[in-house]
Amino acid sequence: MSPSIGLPPPNPETCLVTSRVSRFKGGTLIDEDVRDLETHESRVCDPDGYRPCRCPRCGHGVLHVHGYPERHPRGEPGLPAVVRIIQYVCAAAACGATWRILPRFLARHLWRAWKTVERVVMPAGMPRSTAAPPIPARTERRWHTRFAASARVLVVLLAASGGVALEALGSRVGLDASRAELTDAYAEVTRAAPGTRLASLAELVHRLERGLRLM
């Protein structure tokens, strides 16, 4: 029998519970409407496709295309080895914040597609992938460790969001829930389909407190 049975989940890594908003000028925004590669590529080809209507930092209404960083979503069939994203810069001289825009299907900081991560930590309902290269064992262990860590900060965030449904969800799972338990409960409430369970909760967390991470 595991000695951890009956004990609260371990504390998460600092990077999962520390918002970077106050430390950086600019950052990453997630477009929740872009759920597939075709839509993403069409928006990247159009300078206005992802352009925010105003700078999230200072509210200025003009942002210019600043560059096209690359992401390398390894291990996911159907995605190329390199996916370009678009970055904008605020035109206000006193601001100059830069903003990278990610589509919903790419996991922030993990350099993978959310489907790839979910296939490892939430395999139920996910199709097996024989075409993709295997995920390194060390990476899988890190993902499982993070997923099993405490969700206390996230539960408090949901409860304080002002939404009745989210507050009820926080009360339902409790402060001692793990991130896996919170994701399961959120997927059940929202009826998120396999392949979208991690992405949907991660984008909600990012929307409520930009810089916090699910994994």
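Select helices H7 and H8: the two pack at an angle of about 100°, with their axes 10 Å apart. Axes here are lines fitted to C-alpha atoms, for helices over the stretch in contact, and angles run from 0 to 180 degrees between N-to-C directions. H7 and H8 are therefore roughly perpendicular to each other (65 to 115 degrees; under 35 is roughly parallel, over 145 roughly antiparallel, and the rest oblique). Helices (H or I, at least four residues) and strands (E, at least two) are DSSP runs, numbered from the N terminus.

This is a predicted model, in which local features need pLDDT of at least 70 and side-chain atom pairs count only at pLDDT 80 or more, while totals for chains, interfaces and linings use all residues. Residues are numbered from 1 along each chain as its sequence is written, and side-chain values use heavy atoms, with hydrogens and water left out.

Show the side chains between H7 and H8. From H7, Leu182, Thr183, Tyr186 and Ala187 meet Arg197, Leu198, Ser200, Leu201 and Leu204 of H8; contact means heavy atoms within 4.5 Å. The residues of this contact divide into six nonpolar, two polar and one charged. Ala, Val, Leu, Ile, Met, Phe, Trp, Tyr, Cys and Pro count as nonpolar, Asp, Glu, Lys and Arg as charged, and the others, Gly among them, as polar.

Stay on H8 and pick Glu203, which lies in this helix. Glu203 counts as buried, at 8% relative accessibility (buried is under 20% relative accessible area, exposed over 50%, partly exposed in between, with a 1.4 Å probe and protein chains only). Leaving aside residues up to four places away in sequence, Glu203 touches Ile30, Glu32 and Arg104.

Step back to the loop between H7 and H8 (197-208), where Arg191 is placed. Arg191 is not a glycine, yet has a positive phi of about 60°. Most residues other than glycine have a negative phi. Arg191 is exposed, with a relative accessible area of 77%.

For another positive phi, select His109, where the value is near 75°. His109 is found in the loop between strand E7 (106-107) and strand E8 (112-113), and is partly exposed at 35% relative accessible area.

Finally, select H6 (residues 164-173) with H7 (residues 179-190), whose axes come within 10 Å and cross at roughly 135°. H6 and H7 are therefore oblique to each other. In H6, Leu166, Leu169, Arg172 and Val173 meet Glu181, Leu182, Ala185, Tyr186, Glu188 and Val189 in H7. By class, this contact has seven nonpolar, no polar and three charged residues.
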